[in-house]
Amino acid sequence: MAASDAEALERAYANAVHLGFLGPRELERLWERHLDDALGLAAIRRPQPGEHWVDLGSGAGLPGLPLAVAHRSTAFTLVDAQRRRLDWVAATAEDLRLTNLTVVHARLEDYGHGPARESFDVATARALASLPVVAELGLPLLKTEGQLLVPRGQPDADELEQAAIACEQLGGRLDEVVPNPTSPIDRVGFVVIMAKIAATSPRFPRRSGVPARTPLGQLRKNSRS
């Protein structure tokens, strides 16, 4: 990333702190906790020219906005249900002269049944929900052979088991958990990688609020006990 782009991103996210989109303590650790965390995804799965990425529950544009700045030949769609944050992302993208970023105001449960279904090469989701919920909201949007990248702290074994079960129901597969090479969150940040290996049933995602209330992996796991 060019130095001028890095400086512009830093100014933009200082403004995000001022507006309350990030906590007041985040100003002093913008790079190590937010920007480097976002950009580290490209070391795990580099955005390719012509690909389409979607950032789920993007909030203040993390990780989609920094990735769009660094990889201008890749198209990024940032989806969130909060209009005020999306308006800030759109205005920031215009200030940064980004032509490869689109914002969409929608609930993910609805977006997954629209025209964008099965149209993305890669999906990301940072601080969105538990892994089984992210799987249900993200996998329907991916093309077969697409990937879902979920940056977070180190997940526990139980959550990973539930996510693997959820993936089976969604035409996906839980592939691996790898360290994020540029993130020190929780000492070391991690990225959970899921793959889309078959078409997702049109039943998914379920209607608004249901994935979070009754996660797929939890349902089947409890039924076994």
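**Exercise 1. Helix 1 against helix 5**

Task: Which residues of helix 1 and helix 5 meet, and how do the two helices cross?

Solution: 
- Start with the contacts. From helix 1, A12, Y13, N15, A16 and L19 take part; their partners in helix 5 are R84, W88 and T92. The model is a predicted one.
- Next, the axes. Those of helix 1 and helix 5 come within 11 Å and cross at roughly 155°.
- Apply the cut-off. Angles over 145 degrees count as roughly antiparallel. Helix 1 and helix 5 are therefore roughly antiparallel to each other.
- The crossing of helix 1 and helix 5 is right-handed.

**Exercise 2. The two sides of helix 5**

Task: Which residues of helix 5 are buried, and which are exposed on the other side?

Solution: 
- Helix 5 covers residues 83-95, 13 residues in total. From first C-alpha to last it reaches 18 Å, close to the 18 Å expected at 1.5 Å a residue.
- List the buried set: L86, W88, V89, T92 and A93.
- Look down the axis of helix 5. The buried residues fall within an arc of 155°, so they line one face of the helix.
- An α-helix has 3.6 residues a turn, so residues three or four places apart point the same way.
- Turn to the other side of helix 5. There R84, E94 and D95 are exposed.
- Find the packing partners. The buried residues of helix 5 pack against helix 1 (3-19) and helix 4 (64-70), as well as strand 2 (75-80) and strand 3 (101-105).
- Just after helix 5, R97 has a positive phi of about 60°.

**Exercise 3. Helix 7 against helix 8**

Task: At what angle do helix 7 and helix 8 pack, and which residues make the contact?

Solution: 
- Take the geometry. Helix 7 (residues 131-138) and helix 8 (residues 157-169) pack at about 25°, and their axes are 8 Å apart.
- Classify the angle. Under 35 degrees counts as roughly parallel. Helix 7 and helix 8 are therefore roughly parallel to each other.
- Assign the hand. The crossing of helix 7 and helix 8 is right-handed.
- Name the contact residues. Helix 7 supplies L131, P132 and A135; helix 8 supplies E159, L160, Q162, A163, A166 and C167.

**Exercise 4. G114**

Task: Where does G114 lie, and what is its relative accessible area?

Solution: 
- Locate it. G114 is in the loop between helix 6 (108-111) and strand 4 (120-124).
- The relative accessible area of G114 is 25%, so G114 is partly exposed.
- Compare positions. G114 and L141 are 27 residues apart along the chain, and 9.2 Å separates their C-alpha atoms.

How values were computed
Residues numbered from 1 in each chain as written. Predicted model: local features only at pLDDT ≥ 70, side-chain atom pairs only at ≥ 80, totals over all residues. Heavy atoms only, no water. Helix = DSSP H or I, 4+ residues; strand = E, 2+ residues; numbered from the N terminus. Expected span 1.5 Å × (residues − 1). Buried < 20%, exposed > 50% of the residue type's maximum accessible area, 1.4 Å probe, protein only. Arc of directions from axis to C-beta. Contact = heavy atoms within 4.5 Å. Axes fitted to C-alpha atoms, helices over the stretch in contact; angles between N-to-C directions. Parallel < 35°, antiparallel > 145°, perpendicular 65-115°, else oblique. Left-handed = near helix turned anticlockwise from the far one by under 90°.
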